[in-house]
Amino acid sequence: MKTKIVVPKMGMSTVEVDVTSLFVKEGDRIQPGDPIAEVESEKANFTIESEVAGTVVEVLVEENDTIEVGDAVCVLETEQE
Amino acid sequence: MTCRTIDVGMLQYEDSLKLQHRLVKERGSGVIEDTILLLQHPPVYTVGKRESEARTEIEGVPVYQIDRGGKTTFHGPGQVVVYPIIDLALFNRDLHAYIYFLEETAIQVLHSFDVEATHKQGFTGVWTQGRKIAAIGIRVNKVNGRWITSHGLALNVSTDLRYFHYIMPCGMNPQDVTSMERELGGRLDEKDVVKRLAECFCNKVTNLWKVG
């Protein structure tokens with residue numbers, strides 16, 4: 001099953017974040033809690049982590065991209081049925 | 001829920017990272033309550049995630065690449081640093097609301113010393129006549145499903161502002177950084193500022209938990 005890792009909601013007024021670091025590439029195997037990307041909004045730094053295990057099949061952002069809350073950072077093929 | 005403050009005094013930057021790391025884990029595990037660290041650092045430049053800095057020292061002052069938000073800044077004697085280790089559930093995980101709270105608390109303390117201070121739309125930090133008097137850079141740490149804050153706010157009380165001349169503080173002109181003493185034109189006891197910051201932060205956090 002494919003699962004998207006998205007930028008979580010961080011309050012009413014945070015709409016956009018900047019990708020400051022990207023920790024994964026296609027083919028990487030991911031465990032729950034592994035860091036996927038680091039994003040920054042208004043001088044606040046936040047690491048997006050995976051909540052599931054799987055393999056990265058698509059990376060949808062690059063470092064220094066500006067993306068919106070709810071946008072997908074990457075797609076995982078999860079190991080669960 | 002209560003809140004405690006710890007007046008650490010002068011602490012090496014590296015040691016403050018270790019201390020915050022430990023407290024973040026303890027707060028995330030529910031072992032400790034919200035904790036406000038107040039301290040000063042020996043001279044140090046820190047570089048946030050938005051910038052890269054090849055130099056390991058600037059004019060003999062060490063440079064640290066760290067994991068907070070924001071760009072390059074200076075910490076040193078005369079600057080009171082506040083690192084709240086807080087469960088962001090208190091702010092419904094709203095980063096903007098938390099940063100506004102940091103600014104608002106510093107503004108209240110500055111007003112109590114008769115220093116004019118305001119928010120500036122679109123520019124994080126606390127401002128006096130268009131000059132930055134307090135800088136903010138935070139990190140949100142996920143621990144056991146909780147969002148715990150680290151890093152925080154740096155208020156220039158009697159900071160030697162010449163240190164800012166060697167960098168572009170938060171991407172700004174170094175002339176646009178100020179201190180409480182510069183604005184007031186007189187001497188201040190940093191201990192008084194630390195005391196009021198501690199009281200103000202702790203009262204607000206305690207009241208917010210009560211309101212729930």
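Buried residues have under 20% relative accessible area, exposed ones over 50%, and partly exposed ones lie in between, with a 1.4 Å probe and protein chains only. By that scale B:Glu199, at a relative accessible area of 40%, is partly exposed.

This is a predicted model, in which local features need pLDDT of at least 70 and side-chain atom pairs count only at pLDDT 80 or more, while totals for chains, interfaces and linings use all residues. Residues are numbered from 1 along each chain as its sequence is written, chains are lettered from A and ligands numbered from 1 in the order in which they are written, and side-chain values use heavy atoms, with hydrogens and water left out.

## Salt bridges

Let's stay with B:Glu199 for a moment. B:Glu199 forms a salt bridge with B:Lys195, where the term stands for a side-chain nitrogen of Lys or Arg within 4 Å of a carboxyl oxygen of Asp or Glu. Because the two residues are 4 apart in helix α4 (residues 190–211) of chain B, about one helical turn separates B:Glu199 from B:Lys195. B:Lys195 counts as exposed, at 53% relative accessibility. Helices (H or I, at least four residues) and strands (E, at least two) are DSSP runs, numbered from the N terminus.

Over all chains, the structure holds 11 salt bridges.

| Pair | Closest N and O atoms |
|---|---|
| B:Arg27 and B:Asp34 | 2.8 Å |
| A:Lys2 and A:Glu77 | 3.3 Å |
| B:Glu199 and B:Lys195 | 3.7 Å |

A:Lys2 is exposed, with a relative accessible area of 59%, whereas A:Glu77 is partly exposed at 29%. In the pair of B:Arg27 and B:Asp34, both residues are buried.

## The sheet of chain A

Chain A has an open sheet of 4 strands in the order β1-β8-β6-β3, with antiparallel pairing. At its edges stand β1 (2–6) and β3 (29–30) of chain A, each with a single partner strand, so one side of each is left without a neighbour in the sheet. Two strands are taken to pair if DSSP finds at least two bridges between them. Between strand β6 (residues 54–59) and strand β8 (residues 72–78) of chain A, which run antiparallel, there are 5 bridges. A:Val56 stands opposite A:Leu76 in β8(A).

## Helix α1 of chain B

Helix α1 of chain B covers residues 13–28. The expected span of a helix is 1.5 Å times one less than its number of residues. For these 16 residues that gives 22 Å, which agrees with the 22 Å between the end C-alpha atoms.

Several residues of α1(B) are buried, including B:Tyr13, B:Leu19, B:Leu23 and B:Arg27. Just after the helix, B:Gly30 takes a positive phi of about 75 degrees.

Strand β9 (residues 123–128) of chain B is mostly covered, as 5 of its 6 residues are buried. β9(B) is joined by 2 bridges to strand β8 (residues 118–120) of chain B, and the two run antiparallel. Here B:Thr118 stands opposite B:Trp127. The hairpin of β8(B) and β9(B) has 2 residues between the strands, and B:Gly122 in the turn has a positive phi of about 85 degrees.

β9(B) also runs antiparallel to strand β10 (residues 131–143) of chain B, with 3 bridges joining them. B:Val126 stands opposite B:Ala134 in β10(B). In this hairpin, B:Gln129 takes a positive phi near 50 degrees.

## Where the chains meet

B:Lys49, B:Arg50 and B:Lys142 supply 31% of the area that chain B buries against chain A, more than any other three residues.

Between chain B and chain A the count is 1 salt bridge.

Conventions:
Buried area = accessible area lost by both parts, 1.4 Å probe.
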